[in-house]
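The sequence and the model are shown first.

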Amino acid sequence: MSQFCLGKGLLGSVLLAASFHVFAAPVIDVHSDPNCGCCGDWVAHLEEHGFEVNHHREGNVREIKVANGVTPELASCHTALIDGYVIEGHVPASDIKRLLEERPDVAGLSVPGMPHGSPGMETGRVDDYAVLSWHHEGQTPEIFREYTQ
């Protein structure tokens, strides 16, 4: 085999590997209580939508919330970190993808509480809820997307 063919093959392999890296979704680190079932259901929702998830089941989720600026008004049962953003609660995967595409100047997204019908909270009942964007500076959260019946 000539050096030219070897070079083309090597270049093609490098470009193929680079393209997988470029198109791969960032890894999301999810922190939840080890006994929470809805958190596992939310992780499954993310995986079904193409996210690679590192699920950390631990007892110090409150400390992670505080360290990442999640206030009690924004809090839910799990906190996730992805590509410099904080994701709090049952935020739909489509909203996380939109956040990563648009890259707004916010700390992250939150679905406060645990609304029925949000991803991971499919209980048969469906409540209206909003995904909020928020800032670390204590500004009033804004509606990123609303889910109404």
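Two strands pair if DSSP finds at least two bridges between them, and helices (H or I, at least four residues) and strands (E, at least two) are DSSP runs numbered from the N terminus. The model is a predicted one, in which local features need pLDDT of at least 70 and side-chain atom pairs count only at pLDDT 80 or more, while totals for chains, interfaces and linings use all residues. Residues are numbered from 1 along each chain as its sequence is written, and side-chain values use heavy atoms, with hydrogens and water left out.

**Sheet and overall fold**

The protein chain contains 4 helices and 7 strands, which follow one another along the sequence in the pattern α-β-α-β-α-β-β-α-β-β-β. An open sheet of 7 strands, with mixed pairing, is arranged in the order β2-β1-β3-β4-β5-β6-β7. Its edge strands are β2 (52–57) and β7, each of which pairs on one side only. On average, and with direction ignored, neighbouring strands of this sheet are turned by 20° against each other; axes here are lines fitted to C-alpha atoms, for helices over the stretch in contact, and angles run from 0 to 180 degrees between N-to-C directions.

Within the sheet, β1 and β3 run antiparallel and are joined by 3 bridges, and His31 has Thr79 in β3 as its bridge partner. The strands β3 and β4 are also antiparallel, with 4 bridges between them, and here Leu81 has Val86 in β4 as its bridge partner.

Of the 149 residues in the protein chain, 38% are buried, where buried means under 20% relative accessible area, exposed over 50%, and partly exposed in between (1.4 Å probe, protein chains only). The accessible surface of the chain comes to about 8600 Å², of which 55% belongs to carbon and sulfur atoms; accessible areas come from the Shrake-Rupley method with a 1.4 Å probe, and for residues only the protein chains shown count as cover. If contact is taken as heavy atoms within 4.5 Å, residues 24 or more positions apart account for 50% of the contacts in the chain with a separation of 6 or more.

**Nonpolar cores**

In soluble globular proteins, nonpolar side chains tend to be buried together. A nonpolar core is defined as a set of buried Ala, Val, Leu, Ile, Met, Phe, Trp, Tyr and Cys residues joined through side-chain atoms within 4.5 Å. The largest such core has 23 residues, and those with the most contacts inside it are Ile28, Leu46, Phe51, Ile87 and Ile96. At least two residues of this core come from each of β1 (27–32), α2 (37–48), β3 (79–82), β4 (85–89), α4 (93–102), β5 (108–111), β6 (129–134) and β7 (142–147). The helix α4 gives the most to this core, with 4 residues. Apart from it lies another core, of 6 residues, which includes Val70, Val86, Ala107 and Trp134.

For Leu46, leaving aside its neighbours within four places in sequence, the residues in contact are Ile28, Val30, Phe51, Val53, Ala93 and Ile96.

**The helix α4**

Helix α4 lies across β1, β3, β4, β5, β6 and β7, and runs at about 145° to β7. Its buried residues are Ala93, Asp95, Ile96, Leu99 and Leu100. Seen down the axis of α4, these buried residues fall within an arc of 165°, so they line one face of the helix; the arc is that of the directions from the helix axis to the C-beta atoms.

Leu99, which is placed in α4, counts as buried because its relative accessibility is 0%. Not counting residues up to four places away in sequence, Leu99 touches Tyr85, Ile87, Pro104, Val106, Leu109 and Phe144. Leu99 and Ser133 are 34 residues apart in sequence, with a C-alpha to C-alpha distance of 9.4 Å.
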